[in-house]
Amino acid sequence: MMSTMSTATSHPEITAEFIRNRIAQINWFHQIDLGQGVVTPGDCNSQQKLARFHLPEDLTGKTFLDVGAWDGFFSFEAEHRGASRVLATDSFVWQGNVPGKSKAGFLAARELLNSKVEDMEIEPLAISPETVGMWDVVLFAGVLYHMEHPLLALQKVASVTKELLIVETATDFEFKRRPVLAFYPGEELLLDATNWFGPNTAAVVAMLRYCGFRQVTVVHKKPMYRRLGAAAKYMFRFRQWPWITLQQGRVAVHARR
Ligand SMILES: C[S@@+](CC[C@H](N)C(=O)[O-])C[C@H]1O[C@@H](n2cnc3c(N)ncnc32)[C@H](O)[C@@H]1O
């Protein structure tokens, strides 16, 4: 399902109380600073994630596409960093496929930030120059492992990238050097049935090269001490075999033409 692009209208006087009331009923994912000392209570430590993505500090004059934007933290950040035009896209969460979650957070944050970020409801596999146009910088964060067709999804986002594609994803089989992908027919990754494939870092790099990027750089990799912590948590809390979870990580990669 796709809708026409739209933007927010400006808001008059905004107080901390007004913001708190406006966001109170929303089930947030991101932690967005809305000003007046109010930050949305999302589960995701968005500032920490941002540091791992190595988003260019200065996006002045650049166009920016955020694929799988959810509450839009990274879209608003790109606007804040000077992007001349920002498009936030999503489908799965925005269309109510995750119980209790929706597009309400994105819409409220855009209104309260008086942001000009545009939005479009479109699935990653429907992305093409014809549907969304071409963008200088494209962010594809936290979405690849949700894809039933990961290489095709990368080809789609690559097809609309002019300069830089930033891919962030969960990984698996990190002890293997050859490019491999784990397949999750059930809830094997993070007990979430919406996860389908976990590539290792070598596979992410190889797939991006296959998509036509000459310069592919790993800018962040979840360190072993954090993987050990996650393996211990999943072993004690969910009885998951630590040898498997220890091989699962996260990676952020910059791909340039
Ligand atoms: C983990 S969130 C990542 C949100 C944001 N990009 C970030 O990095 O914080 C996954 C996003 O992928 C989107 N998505 C798109 N297609 C999906 C699918 N088939 N299954 C699950 N999530 C999907 C969800 O709507 C959601 O916004």
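The shell around the ligand is made up of 10 nonpolar, 4 polar and 2 charged residues. Here Ala, Val, Leu, Ile, Met, Phe, Trp, Tyr, Cys and Pro count as nonpolar, Asp, Glu, Lys and Arg as charged, and the others, Gly among them, as polar. Keep in mind that this is a predicted model, where local features need pLDDT of at least 70, side-chain atom pairs count only at pLDDT 80 or more, and totals for chains, interfaces and linings use all residues. Residues are numbered from 1 along each chain as its sequence is written, and side-chain values use heavy atoms, with hydrogens and water left out.

**Around the ligand**
- Of the 16 residues around the ligand (a heavy atom within 4 Å), His30, Lys49, Gly68, Asp90 and Ala141 come nearest.
- Polar contacts are pairs of N or O atoms within 3.5 Å, and the side chain of Asp90 has an N or O atom 2.5 Å from a ligand oxygen.
- For Lys49, the distance from a side-chain N or O atom to a ligand oxygen is 2.6 Å.
- His30 puts a polar side-chain atom 2.7 Å from an oxygen of the ligand.

**Where two helices meet**
- In α2, Ser46, Gln47, Lys49, Leu50 and Phe53 touch Phe73, Phe74 and Glu77 of α3, with contact meaning heavy atoms within 4.5 Å.
- Sorted by class, the residues of this α2 and α3 contact are 4 nonpolar, 2 polar and 2 charged.

How values were computed:
Polar contact = N/O pair within 3.5 Å; in protein donor to acceptor, adjacent residues only side chain to side chain. Helix = DSSP H or I, 4+ residues; strand = E, 2+ residues; numbered from the N terminus.
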